[in-house]
Amino acid sequence: MADSFCPDCKRPTEVVFDHSAGDTVCSECGLVLEAHSIDETSEWRTFANESGDNDPVRVGGPSNPLLADGGLSTVISKPNGSSGDFLTSSLGRWQNRGANPDRSLIQAFKTIATMSDRLGLVATIKDRANEIYKKVEDQKPLRGRNQDAILAACLYIACRQEDKPRTVKEICSVANGATKKEIGRAKEYIVKQLEVEMGQSMEMGTIHAGDFLRRFCSHLGMSNQTVKAAQEAVQKSEELDIRRSPISIAAAVIYIITQLSDDKKLLKDISLATGVAEGTIRNSYKDLHPHASKLVPSWYAKKEDLKNLCSP
Amino acid sequence: MADTGSSESNQVSDPSGRPTPMLQNVVSTVNLNCTLDLKAIALHARNAEYNPRRFAAVVMRIKEPKTTALIFSSGKIVCTGAKTVQQSQLAARKYARIVEKLGFHVNFRDFKIQNLVASCNVLVPISLTRLACHHYEHATYEPELFPGLIYRMRRPKITMLIFPSGKLVITGAKERVEIDTAFENIYPVLMSFRINKKDK
């Protein structure tokens, strides 16, 4: 029941909507104002106990704003049975032969997805990496470089921007064939490009040992006590004048803390978990050892236990 | 210790006690204004190497001043390795003389200093993380990739590598004045981010 203007009665009259035929009918003179109106209510009924595998409400995959056509996956298929006329069978062929402008982009996104899957990264990081790649995609100076290195660098930058940094060595391990040097160079270039495009809003803070500590500790299977002690030690190490990469410092701190606990980790294991070479951990240990009393929290180990720490 | 003593005596300080950057490398170019036959030069000159498949220039070295030159077939020469601007010009003239003696009609045209590299030591350790944090618009610090902080100053347009020991490399200058200005600008900044040794 609605009020609408009827052309026959020439005044607003009460209008009835007939759902069975989709007609809008004037109640005074019976004139059909609109026929075949489209019903926009739900087409299917979904029940709570039905399987969620095919939800008939939605068609196709999630729309991807980064792709040119939004990721539409409609294809023209060949008709069943006999080939029919020439047109229907050729349409399918023609659609697939045409160059898809996004083909390389889709391939790149797939590679980024594989890499982030191997590292166990959340979807936000993967999406950010995709966005970054789209921004720097297909620029002339990048053409010469290793494609894997560029994708790895996009992933590295995405991790840094989300405040969940991954060491370049970790990214290296999932990027097939890209060396640390290539990824580093690609990363510098991409950061410069992004600054040019986005106008100076790229502020990726420097990495700190503490960012990686939690992850290294869980790779080694350290107990909660040791993890907490290691975190406190790393916090204190920031104030010292130690000229080493934060990753090496984290590895050396883990070594010190585990040597003081009951569950001593071998240099080999720490080297595997952190990606730092054994020799480097030994050298960083030499640098940290004089400050051990300042680093190790007092509730974790007493002064006498510190004397047991082997001198480098 | 002997180390710190020698490093201090190697540096030149101005009257205010502030260290002065010392030139380590001068790169210059000169145009001989004459097409050269690189094969002939490589065959007849001493201390010359020429691998046309690897690089399209003759690499020649002289002992005094100790420099290396890239000589191109267009007649242009790049002279590197000199310690002062005067040495660089002297070396470039010597290379031109060598080429002349081999029978080419050379002119010594458009001698230009392209790059000056200087090093310096502020003698105090610097906290690169804090410096990178406060000067994020100019500084790039990636300890995983390179142990030094890369500071790109805009006026004058100079790039500096700052290391945690307090040693500095200043490069990208075309004139000595630019190096001195850049150092004047960066010295107070570095001093404000130094690490004070706490004796506990």
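Predicted model: local features only at pLDDT ≥ 70, side-chain atom pairs only at ≥ 80, totals over all residues.
Helices and strands are DSSP runs, numbered from the N terminus.

The size of an interface is often given as the accessible area lost when the parts come together. Here, chain A and chain B bury about 1,500 Å² between them, and carbon and sulfur atoms give 56% of that. On the chain A side, Thr206(A), Asp241(A) and Arg243(A) lose the most area to chain B, and together they make up 30% of what that side buries. As for head count, 19 residues of chain A and 15 residues of chain B take part in the contact.

Polar contacts also cross the interface: five residue pairs, both partners at pLDDT 80 or more, are found between chain A and chain B. Which parts of chain A do the touching? Helix H5 (147-161), helix H6 (168-174), helix H7 (180-198) and helix H10 (246-260) each put in at least two residues. H7(A) gives the most, with four residues. Sorted by class, the side of chain A that touches chain B has nine charged residues, along with five polar and five nonpolar ones.

Side chains of opposite charge can pair when their charged atoms come close. Over all chains, the structure holds 13 salt bridges. How many run between chain A and chain B? The count there is two, and Glu142(B) has a hand in the pairs described next. With Arg160(A), Glu142(B) forms a salt bridge in which the closest N and O atoms are 3.1 Å apart. Glu142(B) lies in the loop between strand E9 (139-140) and E10 of chain B, while Arg160(A) is in helix H5 of chain A, so this pair joins two chains. Both Glu142(B) and Arg160(A) are buried.

Glu142(B) also forms a salt bridge with Lys187(A), where the closest N and O atoms are 2.6 Å apart. This pair crosses between chains too, running from the loop between E9 and E10 of chain B to helix H7 of chain A. Glu142(B) counts as buried at 7% relative accessibility, and Lys187(A) is buried as well, at 4%.

Away from these pairs, Glu278(A) forms a salt bridge with Arg282(A), and the closest N and O atoms are 3.7 Å apart. Why are Glu278(A) and Arg282(A) separated by about one helical turn? They are four residues apart in helix H12 (residues 278-288) of chain A, and that spacing is about one turn. Glu278(A) is partly exposed at 29% relative accessibility, and Arg282(A) is partly exposed at 46%. Elsewhere, salt bridges that share partners tie Arg160(A), Lys187(A), Glu188(A) and Glu142(B) into one network.

Now for chain B as a whole, which has five helices and 12 strands. Its radius of gyration is 21 Å, well over the 16 Å that the globule rule gives for 200 residues, so chain B is more spread out than a compact globule. Its C-alpha atoms fill a box of roughly 70 × 35 × 30 Å along the principal axes. Buried residues account for 40% of the 200 residues in chain B. Of the contacts in chain B between residues at least 6 apart in sequence, 59% join residues at least 24 apart.

Most residues other than glycine have a negative phi, and most peptide bonds are trans. The peptide bond from Glu64(B) to Pro65(B) is cis, with omega near -5 degrees, and Pro65(B) belongs to the loop between strand E5 (57-62) and strand E6 (67-72) of chain B. Another cis peptide bond joins Arg155(B) and Pro156(B), with omega about 0 degrees; Pro156(B) falls in the loop between strand E10 (149-153) and strand E11 (158-162).

Positive phi turns up at His36(A), at about 55 degrees, although His36(A) is not a glycine. His36(A) is exposed, with a relative accessible area of 70%.

How values were computed
Residues numbered from 1 in each chain as written. Chains lettered and ligands numbered in written order. Heavy atoms only, no water. Contact = heavy atoms within 4.5 Å. Buried area = accessible area lost by both parts, 1.4 Å probe. Salt bridge = Lys/Arg side-chain N within 4 Å of Asp/Glu carboxyl O. Polar contact = N/O pair within 3.5 Å; in protein donor to acceptor, adjacent residues only side chain to side chain. Nonpolar A, V, L, I, M, F, W, Y, C, P; charged D, E, K, R; others polar. Rg over C-alpha atoms; globule rule 2.2 N^0.38 Å. Buried < 20%, exposed > 50% of the residue type's maximum accessible area, 1.4 Å probe, protein only.
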